[in-house]
Amino acid sequence: MKLAYWMYSGPAHIGTLRIASSFKNVHAIMHAPLGDDYFNVMRSMLERERDFTPVTASVVDRKVLGRGSQDKVVTNIVRKDQEESPDLIVLTPTCTSAILQEDLQNFVARAQESTQADVILADANHYRFNELTAAEKTFQQIVEFYMAKLKEVPERTAQPSANILGISTLGFHNTHDCQELKKLLGQLGIAVNLVAPEGCTVHELQNLPRAWFNIVPYRELGRTTAEFLQERFEQPYVDITPMGVMQTARFVRAIQTILGDRGSVVDYEPFIKEQTLFVSQAAWFSRSIDCQNLQGKRAVVYGDTTHAAAMTRILTQEMGVRVVWAGTFCKHDAEWFRAQVEGMCDEVIISDDHAHIGDRIAQAEPAAIFGTQMERHVGKRLNIPCGVISSPIHIQNFPVSYRPFLGYEGTNQMADLVYNSFTLGMEDHLLEVFGGHDTKEVITKTVTAETGLEWSDDAARELAKIPGFVRGKVKRNTEKFARESGLSRISLEVMYAAKEAAGA
Amino acid sequence: MVTEPLSLSSPQFECETGNYHTFCPISCVAWLYQKIEDSFFLVIGTKTCGYFLQNALGVMIFAEPRYAMAELEEGDVNAKLNAYDELRRLCLQVKKDRDPSVIVWIGTCTTEIIKMDLEGIAPKLEDEIGIPIVVARANGLDYAFTQGEDTVLAAMASRCPAPAEVRSEEEKKERSASLRGLFNFGTTKKGEKVESAYAEHKPLVLFGSLTDPVVNQLTLELKKQGIKVSGWLPAPRYTELPIIEQGVTYVAGVNPFLSRTASALQRRMRCNLINAPFPLGPDGTRAWIEAICQALGVVPKGLEEREQQIWANLKGDVEFLQGKSVFFMGDNLLEVSLARFLIRCGMTVHEVGIPYMDKRYQQGELDLLERTCREMGHAPVRIVEKPDNYYQIQRIQQLKPDLVITGMAHANPLEARGITTKWSVEFTFAMIHGFTNAHDILKMVRKPLDRNHALKSLGWEKLIQEA
């Protein structure tokens, strides 16, 4: 047993559900007790999803414990097949099914006999996988399943084309990143063959081999699928995350090499130069005098491997910020992370213990933090600004406006994020010169200060419990009510009576 | 399975598949740890439980909450590790870091399935570490959402001391005046005079966790009738759990989901249960107070005027809501009481989904519902236990209700289809009990209708593309 308050990555089934619900017309059935379908709330709330989340539970209750869930699971799969006519039903095990040890694979086989839809069992054991590794595994599993059904390998497209692998629901700024990648590929004269899993159907997966190569923008999702496709169809892949000016250039050059190998010689250097110096504002931003004061400022970086590594690189190489330590919670991929940030920070921290991370932030006393929602809250407590660069995230990290982290527009976003996170330059100087902001204490005198009304102790205590921003209003309303009722002393009863009278 | 209605206005009961969305009952730690200030809640479960709590409780996680997960690892599940030793290690750490007056263990689905004997381990460990350990099995195999509180309070009921166990005057005062400072009349010189404001009656203990202001409001409401509340289960501190005199104390519930607590108090603690509608809405509050008065042999006074006065305050909202229809998908067990209040306000209720219906515990409420339907000329209410959300959504699309009260999983998709919704969870967390808060219920019901009315002229009703 482990005492835990907070976790950076969710349980395995969340990863599976993220993949299943990213596809179009795929339905997931969780083998889980009542209340485990919280995923639907997250998707509906965080992503502000307009459609019903295609996830239902085959509920494990007392009866199921007694008799086994065989009939129930099979019935639920068949029922969902008839109701929604999905292309694929993914039976999703949870921590509960991990210990019940029923033969879910057998239920799948039985259900398959009476469904139009394909049925598979997600192969992600709760105790071996987390959200990220399970998502990776499920994505690969579904792709392999449909590649096995291929009767013949479709021909490559005539013009250069690419698949974008790893865009998924509830992914950090994924939809914006995807748009930006499409735009970038368009500018490079490369057609987008398929984006997966987000927004595609499983039948479209059969077109995957048509692309000349694959793009895997995120370290956490899509890499093993790309490796499989490389092995099976000799389809190369680019797994450089185009985040930051330098990495985006490397990404474009890697594509250039692949196209060259395929006999389509291109020279992207003029494009990279044009974008870097004049289209993206990030290079000019770093050079402009306003950003001189970023030089040598201390920051810490923490998040998933993709974003923490890329951010560390941007801060040190492109902005002259000193990264005191860089860390990730992806313990399963620690070696890769170390190699990425080697030489770009004073220390590397691999940990998924939020208390440890909080302590290390407090010790480092950086001028800014780049981390997850958890580090944002640590920052609040320590009065250190924080830019959120990675999941786990809240609803405010699903902005409606266009906010990619990748590509050239992404570099602009990063510049703003970094700039706004540190104290602004001139303000910084003023603080040093005058020793702080203007005094915050404001002399307040409420309109009713001299009414001669007496507040009883318990009423005053109750008033103190009311949130600050409405307290004044409640106080005035109550006193008004007391005056009108000819009372000189305000007790709890008077307070409640005033509330009733005001209808508030 | 439709049962024949007993009379023209009595509700019809149905039962569906139980495939509906609700919160896991472990969510009760969110409000209970705040209510019981000296407690620590330890949820013994997996990452799945932790992930739910973390996401559902959002902001609270960051405020150093007095709850944590005892996260089970593979070694715990296949019994390679000894549960007693593991729990001992964790509880000692909790004792060292937080020093609570009680540790509440929340059993989960996993502890049920692997049959971890929490009830057996707790007393031994309690002796060893010197902190009371209360065990509540608030798992998703057996319960829904608010029923979690029911399992905790039912477990706590047997910890309420008998009068003989409380010897010191100090403690007696603490336990009988858990409404700190509000009613400590004994300490003032005018004490006796104020004390006589109460009628002679048997001790009354109320059960159900409400925020302090609502506790004060309901207590004052009863004080107006000369009824003294001797204590609340739960009290603001574990050390202030009310004194219960077996065979003498009367108890009344404030929430419809507390049926196990009610039977624990009745059977184990031999209390007299007052069966009443719940104090939601002015009608419910009045009926609740009347039932308590009647049970304690006190003649109610001025109640009708009080109710009328509240209705007069609600006039604007009632006029607005009259004739509008509402559909409860069901997830928190407050549904019958809310439906009854809204019918009284002139609304039409298409369906009342509810996770679980204890007809005995909710008898008073069901009777009032029937009476309300009769008096308002409303058709018999359809109560669907263990609803099936898929079928419900099909019914909603046919009926096109003015308002659907539902969980967050369905709210946005329904809105995108032009159907106005209200999140049901808000009713669980808002202050809605008693005369004073009746307006807040209607405000919550009105808000989405007002908002969509405000946007009406824009023609943005249906925001999905037809396939």
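Visitor: Which residue stands opposite B:Leu42 in strand 3 of chain B?
Guide: In this predicted model, strand 2 (residues 39–45) of chain B and strand 3 of chain B pair in the parallel sense, over five bridges. Within strand 3 of chain B, the residue that stands opposite B:Leu42 is B:Ala68.

Visitor: Which residue of strand 3 of chain B is the bridge partner of A:Leu3?
Guide: Strand 3 of chain B also pairs with strand 1 (residues 2–4) of chain A, in the antiparallel sense and over three bridges. In that strand of chain B, the bridge partner of A:Leu3 is B:Ala70.

Visitor: Which residues lie on the two sides of strand 3 of chain B, and are they buried or exposed?
Guide: In a regular strand the side chains alternate between the two faces of the sheet. In strand 3 of chain B, one side holds B:Tyr67, B:Met69 and B:Glu71, while the other holds B:Ala68 and B:Ala70. Both faces are covered, and these residues are all buried.

Visitor: What is the order of the strands in the open sheet of chain A?
Guide: Strand 6 (residues 161–167) and strand 8 (residues 213–215) of chain A run parallel and are joined by three bridges, with A:Asn163 partnered by A:Asn214. The edge strands, each pairing on one side only, are strand 7 (191–197) and strand 9 (237–238) of chain A. The pairing in this sheet of four strands is parallel, and the order is 7-6-8-9.

Definitions and conventions:
Residues numbered from 1 in each chain as written. Chains lettered and ligands numbered in written order. Predicted model: local features only at pLDDT ≥ 70, side-chain atom pairs only at ≥ 80, totals over all residues. Heavy atoms only, no water. Pairing = 2+ DSSP bridges. Buried < 20%, exposed > 50% of the residue type's maximum accessible area, 1.4 Å probe, protein only.
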